[in-house]
Amino acid sequence: VGPKLFQYVMKVIVQAVQLLYTMLKIDQPSYILLQNPPGLPSIAVAWLACLFWRSKLIIDWHNYGYTIMSLNHGRNHPLVQIAKWYEKLFGRLSDYNLCVTNAMKEDLWVNCNIKAVTLYDKPAAYFKETPLELQHQLYMKLATDYEPFKPRAEPGSWNAERSAFTEMDGENGQVLKPPGRPALLISSTSWTEDEDFSVLLKALEDYERYVKEGVKLPPLVCVITGKGPLKDYYNGLINQLHFKHIQICTPWLEAEDYPLLLGSADLGVCLHKSSSGLDLPMKVVDMFGCCLPVCAIHFECLHELVKHNENGLIFRDSNELAQQLKMLFLGFPTLEGKLHSFRKNLRASKQLRWDESWDQTVLPLLGQNE
C-alpha cells in the first residue's frame, strides 16, 4: 500500500531485517561470498554480518545493480543515483573482490577505487555436446508437448521412431539425422528489458523472405527458452507472424533438459545487452561449454568472450543477423562450413570448467593450499 517509493523503501527495510536475522543464525563463517547484483540491501547486510562474525567479505561483481535499475527508471532517477552511491560506498568495505571481465575490473578500480580479480564465468561440467541417442530421447520427449519437434513426414521404414530432427530404427536401435531435417536455433532469455527479441523476430522475417526468393535454406525451428516479465508481450508478437518455413516455440524446460538441448542445437543466438556494458552473458558461456556456435549482439566488452569468426559471429542489428543466418545455413545440413569450423574451434579450445577456474584464480587469493 501507499506510494511506490514508500513501498520500495519498506521492502528494502524488511529484506534487510530478514536477511540480517538469517545470517546471524548461521555458524560462524570464515568468508561470506556475495554475488552482486542484487546488492540492495545485501551488501550492507553482509558487511554487518562480517563485522559480527569477524569474517571476510568477498563480493562477486557480475554487474552493477544501479545500471539494471536505470533500464526502468533512467540514469538520472534519484533511486538510481542513491543505488549507485550505495554500491560504491559498501563495495569499498569488502575484503576481496571478483569480477567477470577485465573491463569491469578496470572500471571498479578507476571509478570506485576497488581492486578486483577477474574470474570469468565458466560452464559447469554438465554443459557438453549431447550424444545422438540422448538427442533423440529429448526430441521425442519434447514432441509430446511442442509441435515443432514432431516429425514432418512419415518414417522411412514402418517401425522407425521419428522426431523432427532424428530417426531411430526400431530393429537395431540406430539413431540417424535425416538429410532433410530442419536446423535448430536456440536462444535463452529471462525476458527482461536488456534483451530486445524484436531483433531476432525481424531477422527471421528476412530469413523467411530469403527462402521464398529461392535461396537454399533449411526449414528453421527457433526455440526460445526461459520465463520472465516480457514473455507474454513477445508471445503476442510471435503469434502475429505467419511463417511457412520457420516454427517458433517458447518452452520452459526442466533443469536437466536445458543443457541437453544446448548440446543438440545447431546455432545459439544471444540478444543480451549488458546494462553496464561490463558483464558477459552466461548463456553464451553455457553454449560454448556445449560447443555450440553463437551469433551474439554487440556490446562493449563482448570480445572477451565471443571471438568474431572464430567461435561465433557478432552482429549489431536485425539485418546483420539475417545475413549471418543466411550464410551459416546455406546448403544445410549437407554443407556446414562455418558452423563446422566454429564448432571445431570450440572443441579445440578445451576451455576451463568452473571448478578448475575457481581453483586457479580464487584459492590463491584466499591463501588456500588445496
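Helices (H or I, at least four residues) and strands (E, at least two) are DSSP runs, numbered from the N terminus. The model is predicted: local features need pLDDT of at least 70, side-chain atom pairs count only at pLDDT 80 or more, and totals for chains, interfaces and linings use all residues. Residues are numbered from 1 along each chain as its sequence is written, and side-chain values use heavy atoms, without hydrogens and water.

Helix H3 spans residues 65-73.

Four strands form an open sheet in the order E1-E2-E3-E4, with parallel pairing. Strands count as paired if DSSP finds at least two bridges between them. E1 and E4 (117-118) are the edge strands, each pairing on one side only. Strand E2 (residues 56-61) and strand E3 (residues 96-99) share four bridges in the parallel sense. Asp 60 has Leu 98 of E3 as its bridge partner. Helix H13 (residues 354-366) packs on the sheet and touches E1, E2, E3 and E4 (contact: heavy atoms within 4.5 Å). The direction of H13 makes about 165 degrees with that of E3. Such angles run from 0 to 180 degrees between N-to-C directions, with axes fitted to C-alpha atoms, for helices over the stretch in contact. Helix H2 (residues 42-53) lies across E1 and E2, at about 175 degrees to E1.

Notes:
Buried < 20%, exposed > 50% of the residue type's maximum accessible area, 1.4 Å probe, protein only.
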